[in-house]
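User: Hi! I'd like to understand how the terms used for this protein are decided. Could you take me through them?

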Amino acid sequence: MKKCIVVFLMLSLLWLPNVYAADIPAQQGMVTDEAGLLTQQQAADITGIATGDRYTLHVLTVDSLNGAKASAYATSVYHSWRLSTRDILLLISAGDQQIELNFNNPELQGYIDSWSQSQGGTAGSPAITGLLDAYYIPYAKAGDFAGGITSMIKEVHSLGSTGSGAGSGTAPGSVGAGSQDSGASGGSGNPGSGVTGSQDGGTTGRSGSSGNPGSSVNGSQDGGASGRSGGSGNPGDGIGGSHEAPRSGPAMLTIAAIGAGIVLLFLILIVLITGLRRRGQLSRQQEQLADLLVRANHALEALQPFQGIVQGKTGEMVEGISKRLSAMLVDISALQSSGQDSPPPFYRLGALKAALTQLQQTEAAFRSGLETEEQDIARISDADRNVKQRITELKKDAPELDVQLQSAVKETGYELKEIAEDLKELAEETAKADELELFDPIAAQEMTDEAQERQDQIEQDLRDVDAYDDKLNEFPGVLAAARSKIAALIEQNSLHNMKVKPYDSLEQASTAAQTLEAPLRSGDMDEVRKIGAQMDVYLDEAVAITERQALIRQNNRRDLETVRSRWSELTQQRNELQSRIAEARSRFSEFHLSSLEDVLEEAGTELRQGAGEVPQIETWTSDARGEYDNARSGLDRLLKLQEETAQKFSNVRESLGTLSKRLSDITQLLSEGQERADAAARRLQSKGIASRSRFQYSLLPEYIELQQRLSDRPYNLDELEAVGRAYDAGISSFVEEANRLVRQKEEEERQAQLEMMREQQRREQERNRMNSSNAFGGGNSSSGSSWNSGGQSSGGSSWGGGGNSGGNSSGGSKW
């Protein structure tokens with residue numbers, strides 16, 4: 001239970017910084033300008049110098065801290081953005097006129113402390129504040145925020161560098177002097193010590209020294225292309241030390257040799273494994289060849305009962321199969337012997353692969369050929385086993401078919417000679433197959449298949465004899481029924497004079513029935529089936545064409561009434577549209593209406609032509625003429641004409657409505673423009689700037705022209721719309737200018753209010769500046785200053801003697 005509580009508390013501590021950072025803006029690169037203090041070019045220039053050799057500066061500007069402490073807010077941003085010891089955060093609050101430098105780098109804190117001590121200052125947060133006062137505040141007071149940020153970044157990058165001229169040591173307390181001839185030197189010492197670092201000659205060099213109380217230590221470097229020396233001493237001692245880089249040539253050669261050996265061993269292992277695997281595959285392929293050899297021997301053994309006995313087709317097949325199998329046995333045996341004698345060694349991977357591929361291809365060819373031979377042997381064996389039984393069944397069925405034939409002849413009185421001949425041929429084929437069965441089972445099987453097909457056909461013919469005999473006997477009744485149905489349709493629908501002739505089809509069916517009897521008597525059932533199908537077609541066609549004529553006539557009557565009634569509706573619509581066009585002439589110019597009149601005139605002409613066709617259609621659809629197909633074509637044409645005319649009238653009606661809508665839009669544009677201008681003028685007046693821009697829409701030339709054109713009928717809508725657009729553009733220009741003036745006035749008021757708030761904050765901060773105190777134990781420091789009153793704010797730090805005891809260093813200042 002205690003472990004769970006500890007884990008929960010640790011997770012809670014990890015979660016707390018994220019909660020605090022809920023209002024922290026997201027990082028947008030090196031420069032996150034939330035307060036809008038920088039231009040895009042300035043932000044780009046700062047981004048270009050933000051990253052140095054040792055440090056990377058991140059800039060955040062905000063409008064206000066909203067009462068939060070600058071150092072705490074900066075530390076929260078530092079953690080929220082997940083910055084590292086290399087990163088430095090520069091926080092600027094525009095509304096609070098405050099800047100904060102926040103980082104977590106003891107080395108940098110030491111450099112800043114040394115710089116402060118060289119200027120006569122102290123360490124910790126006051127040192128950071130002094131750096132800000134020196135390199136940022138002067139620019140901020142002048143309003144050059146970009147210049148202040150650039151100055152700070154350059155100074156931070158120069159701290160502790162070889163060319164800075166500053167010295168740093170293990171503890172603050174005294175400042176050493178540095179002299180430089182070509183390179184850099186630095187020195188520092190404790191109280192009572194004297195430290196000097198110097199460099200003479202050489203291309204590049206660096207020397208450093210440090211000493212304890214009472215010691216005198218000197219480190220120097222003379223001559224050489226480049227080098228470094230360092231010295232340190234205890235009280236009263238002088239110590240010098242040097243270091244030479246170890247020689248690493250032999251060690252690198254040893255490592256390279258070991259690596260090469262490992263690679264070589266790995267390659268050998270790969271070759272060994274691959275070679276052995278391919279040798280194993282060759283062995284398995286040889287085993288498969290042995291299996292094929294066994295299968296080929298079994299196939300030859302299966303052929304032995306037929307060799308020397310069978311003749312004809314079967315004998316030829318057996319002889320060919322035997323020769324091919326014998327040759328295959330020889331080839332497989334030779335291939336096995338060659339493969340077992342001299343297989344390639346395991347390290348010849350290419351030869352092993354080629355041998356394996358060739359063996360696989362050869363084995364596949366042997367296997368395919370053997371499967372074909374086995375299928376032929378199975379066919380011979382099947383014929384030898386089954387053909388005798390099939391012949392016996394054919395012989396058994398022959399008497400029964402003969403009985404059926406005699407029964408059909410007796411019942412129908414037909415001779416059925418062709419069926420009797422088919423039975424005779426069936427008996428001959430069966431007898432011949434029986435003769436071949438013992439010595440040529442393949443030929444006997446083929447002949448048995450033909451005999452079976454003939455027997456099936458004879459059975460079907462005998463069944464059809466009865467069926468078509470009944471059809472022929474029943475045909476007079478079927479013909480009479482069809483004739484009666486056609487007569488009823490003609491009577492019911494008054495089709496006496498229709499142009500189609502269904503009775504002709506009935507006569508054709510009757511003629512076909514008369515020709516059916518001859519082939520039926522002889523037993524020519526193929527011809528019988530053909531004639532019977534023709535009879536059915538003629539009967540069905542006679543009834544179908546009569547039903548179609550009846551349906552057409554019914555539809556013609558219905559559609560004729562539709563055409564008549566719709567004709568009057570279209571005429572009424574045309575008259576109505578002509579009246580509307582005549583009324584529109586008083587409002588719109590002629591060129592708007594001329595095309596609509598042309599459409600109406602064309603539609604009227606087509607209507608009159610269509611009306612002239614109606615009497616002819618009525619004549620065609622009458623009982624006297626019976627030209628129902630012609631009437632149908634005419635009605636379809638008139639119906640289509642009416643649909644097209646109705647669509648044209650609809651388009652004319654829509655066009656007239658569009659003209660009215662365009663005129664309405666123009667008048668609405670005029671009234672809305674007046675309302676927009678009045679509303680803009682009221683806004684100007686409410687802000688006290690109405691006197692700056694007096695505007696009267698009634699004085700606009702476009703307004704005057706639009707009023708004149710609206711009072712002069714008929715209207716040219718194209719010209720009216722052009723003037724209306726110009727008028728609307730003038731109104732829009734005034735409204736946009738009025739909005740700009742209002743926004744400008746509001747911005748001036750907002751800036752004045754903001755300046756007042758800043759002045760109040762500055763005065764409040766000036767009163768409280770001297771009351772700030774140092775904070776210990778948290779790892780953060782804070783300081784501030786204000787040039788408005790000439791004083792410097794107090795600050796606190798949690799590091800002793802200038803060293804950072806953990807956490808972020810932070811220092812700030814105000815302008």
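Analyst: Gladly! Buried means under 20% relative accessible area, exposed over 50% and partly exposed in between, with a 1.4 Å probe and protein chains only. By that cut-off, 37% of the 815 residues of the protein chain count as buried. This is a predicted model, where local features need pLDDT of at least 70, side-chain atom pairs count only at pLDDT 80 or more, and totals for chains, interfaces and linings use all residues. Residues are numbered from 1 along each chain as its sequence is written, and side-chain values use heavy atoms, leaving out hydrogens and water.

User: What makes strand β14 mostly covered?

Analyst: Six of the six residues in β14 (residues 809-814) are buried. S809, G811 and S813 lie on one side and S810, G812 and K814 on the other, so both faces are covered, each of these residues being buried. Strands here are DSSP runs of E with at least two residues, numbered from the N terminus.

User: How do you know that β4 and β14 pair?

Analyst: Two strands pair if DSSP finds at least two bridges between them. Six bridges join β4 (residues 98-103) to β14, so the pair qualifies, and the strands run antiparallel. L101 stands opposite G811 of β14.

User: Which residues make the contact of α16 with α17, and how do they divide?

Analyst: Helix α16 (residues 628-686) and helix α17 (residues 701-710) pack at about 145°, with axes 12 Å apart. L663, I666, T667, L670 and Q674 of α16 meet Y703, L706, Q707 and L710 of α17, where contact means heavy atoms within 4.5 Å. These residues divide into six nonpolar, three polar and no charged.

Methods:
Helix = DSSP H or I, 4+ residues; strand = E, 2+ residues; numbered from the N terminus. Axes fitted to C-alpha atoms, helices over the stretch in contact; angles between N-to-C directions. Nonpolar A, V, L, I, M, F, W, Y, C, P; charged D, E, K, R; others polar.
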